[in-house]
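Here is a short briefing for a first look. Please keep the sequence and the 3D view open while you read.

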Amino acid sequence: FKILFSKIEIALAGRAAETIVFGESEITQCSINDISCATNIVREMVTKYGFSIIGPISSKEIRMPLDWKSAQQFTKNPVKITLPGPMTITDSVANNYYDDLKKLGFDLALALNEEIKALVDAGCKYIQIDEPVFARKPEEANTYGMENLERMMYGIPKDVQRVCHIC
């Protein structure tokens with residue numbers, strides 16, 4: 001994402017330089033296009049790369065099994081996969097859609113459950129969920145966090161080792 005931020009900085013710097021040198025009334029078409037370019041990059045960061053939630057959460061593309069297989073090919077020992085939990089994700093994204101964090105966590109848990117099932121189907125037997133937000137927000141953890149954690153693991157066979165890490 002550093003490249004995207006750099007492109008935004010370059011576009012805005014061009015506009016700023018023209019404004020300083022020529023003034024607002026003499027800005028060139030290139031500089032006007034720079035603002036449009038920066039806007040498009042930010043829009044893409046939100047819609048394509050998930051920097052903000054602007055609609056209902058769903059699992060559109062399963063990716064974790066590829067990461068696990070990539071790591072597993074380098075060792076004969078089992079590889080553990082770690083995923084952030086719903087409360088941790090909820091606490092670290094810009095949300096412009098959900099009015100209810102419990103519902104956001106519910107939908108995240110369902111999407112994460114699909115990833116975990118795909119991991120298990122690929123052969124992963126060790127899965128860790130990181131939920132450090134449980135320690136900071138114990139009331140929410142008790143109210144709906146544990147329920148969403150269980151929802152993430154729904155339908156996972158008993159022979160799969162599950163760990164929840166709370167810092």
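The points below cover salt bridges, the exposure of the residues that form them, and cysteines.

This is a predicted model. A count over the model gives 6 salt bridges. The search for disulfides across the whole structure returns 0.

**D91 and its partners**
- D91 and K137 form a salt bridge, with 3.0 Å from N to O.
- This pair joins distant parts of the chain, 46 residues apart.
- D91 sits in helix α4, which spans residues 86–92.
- K137 sits in the loop between α6 (133–136) and α7 (138–152).
- D91 is partly exposed, at 33% relative accessible area.
- K137 is also partly exposed, at 27%.
- A network of salt bridges links D91, R136 and K137.

**D159 and K125**
- A salt bridge connects D159 with K125, and their closest N and O atoms lie 2.7 Å apart.
- D159 has a relative accessibility of 45%, so it counts as partly exposed.
- K125 is partly exposed as well, with a relative accessible area of 33%.

- R151 and E147 meet through their side chains in a salt bridge of 3.0 Å, N to O.
- Both residues lie in helix α7.
- They are 4 residues apart, which is about one turn of the helix.
- R151 is buried, because its relative accessible area is 17% and the cut-off for buried is under 20%.
- E147 is partly exposed, at 38% relative accessibility.

**Cysteines**
- A disulfide is a covalent bond between the sulfur atoms of two cysteines.
- How many disulfides does a search of the whole structure find?
- The search finds 0.
- C124 is buried, because its relative accessibility is 0%.
- C164 is partly exposed, with 33% relative accessible area.

**Points to look for in the view**
- Find helix α4 and the loop between α6 and α7, where D91 and K137 are placed.
- Then follow helix α7, which holds both R151 and E147.

Notes. Residues are numbered from 1 along each chain as its sequence is written. This is a predicted model: local features need pLDDT of at least 70, side-chain atom pairs count only at pLDDT 80 or more; totals for chains, interfaces and linings use all residues. Side-chain values use heavy atoms; hydrogens and water are left out. A disulfide is a pair of cysteine sulfur atoms within 2.5 Å. Buried means under 20% relative accessible area, exposed over 50%, partly exposed in between (1.4 Å probe, protein chains only). A salt bridge is a side-chain nitrogen of Lys or Arg within 4 Å of a carboxyl oxygen of Asp or Glu. Helices (H or I, at least four residues) and strands (E, at least two) are DSSP runs, numbered from the N terminus.
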